[in-house]
Amino acid sequence: MKGTEAFQELLPLLNDEPVVHANGYICRESFNIKDREANFYMIGSMGLASSIGLGVALCKPNRKVIVLDGDGNVLMAMGTLAMIAAQAPKNLVHVVIDNEVYESTGSQRSLSNQVPLEQIAKSSGYREAVRVDKKEEIKPVFEKLMNSTGPSFMLIKVEPCFDPKTGRVTHTPEEITHRFMKSLQPTGNER
Ligand SMILES: Cc1ncc(C[n+]2csc(CCOP(=O)(O)OP(=O)(O)O)c2C)c(N)n1
Ligand SMILES: [Mg+2]
């Protein structure tokens, strides 16, 4: 499946969950398909979506928190996999769009074609770690993980395909932070 198809499959499955996005095309694709107040876009530093998501999950144990990450981002902050496993937030679902390249900066090859990231997550201590290769698997696997005890890890293998014409996130970092924090206020709709 193409990377864009993975986003098109995944994003309609979201309700009001906080979603912390890795930088680069991960942010841009999600922003352009469906911007949400509960989306945090880490538009600068690579590797940090997972630690921000961990912090949110620990502070908001009654909300399911999703990290939408990239393979290059995970490889850069591999120690965070161990930290997530050790802290073991039951409410964290870590989704990785794995195109085996640093697509946002020119498609240089990453190591994820040789290093199975879902196995690293599992052996670090994530409760569940699943690799998905087919578009049709995204919905059932994601729904299962959303209803299971975390932390869980979902690696979605995709072909690089992002269109460089896809616009950038237009909100300022302050706006992103403000509306994200507002969306974290209790809604009475928690799960
Ligand atoms: C600390 C840091 N190093 C490098 C960059 C430049 N950079 C931005 S996105 C990116 C690639 C991210 O790769 P991946 O997570 O696989 O996402 P993809 O671009 O493939 O969607 C790089 C190298 C950065 N923003 N921050
Ligand atoms: Mg990548």
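1. Which side chain has an N or O atom 2.9 Å from an oxygen atom of ligand 1? That is Asn99. Bear in mind that this is a predicted model, where local features need pLDDT of at least 70, side-chain atom pairs count only at pLDDT 80 or more, and totals for chains, interfaces and linings use all residues. Residues are numbered from 1 along each chain as its sequence is written, ligands are numbered from 1 in the order in which they are written, and side-chain values use heavy atoms, with hydrogens and water left out.

2. Two further polar contacts (pairs of N or O atoms within 3.5 Å) are worth a look. The side chain of Asn73 has an N or O atom 2.7 Å from an oxygen atom of ligand 1, and a polar backbone atom of Glu103 is 3.0 Å from a ligand oxygen. On its own ligand 1 has 590 Å² of accessible area, and the protein covers 75% of that (Shrake-Rupley method, 1.4 Å probe).

3. Now the shell around the ligand: 16 residues surround ligand 1, with Asp71, Gly72, Asn73, Val101 and Ser104 the closest (a heavy atom within 4 Å counts as near). They divide into 6 nonpolar, 8 polar and 2 charged, with Gly counted as polar and Asp, Glu, Lys and Arg as charged. At least two residues each come from α2 (25-33), α4 (71-76) and β5 (101-102), and α4 gives the most, with 4.

4. Phe7 and Phe162 have ring centres 5.8 Å apart and planes at 65 degrees, so they are edge-to-face. This pair links distant parts of the chain, 155 residues apart: Phe7 sits in α1 (3-10), Phe162 in the loop between β8 (152-157) and α8 (173-183).

5. Two backbone spots to check. The Gly150 to Pro151 peptide bond is cis, omega near 5 degrees, and Pro151 lies in the loop between α7 (135-146) and β8. Ala88, not a glycine, has a positive phi of about 50 degrees; Ala88 is in the loop between α5 (78-87) and β4 (92-98).

How values were computed: A polar contact is a pair of N or O atoms within 3.5 Å; within protein, one must be able to donate a hydrogen and the other to accept it, and residues adjacent in sequence count only if both atoms are side-chain atoms. Rings of Phe, Tyr and Trp (its six-membered ring) pair if their centres lie within 6.5 Å; planes under 30 degrees apart count as stacked, over 60 as edge-to-face and the rest as tilted.
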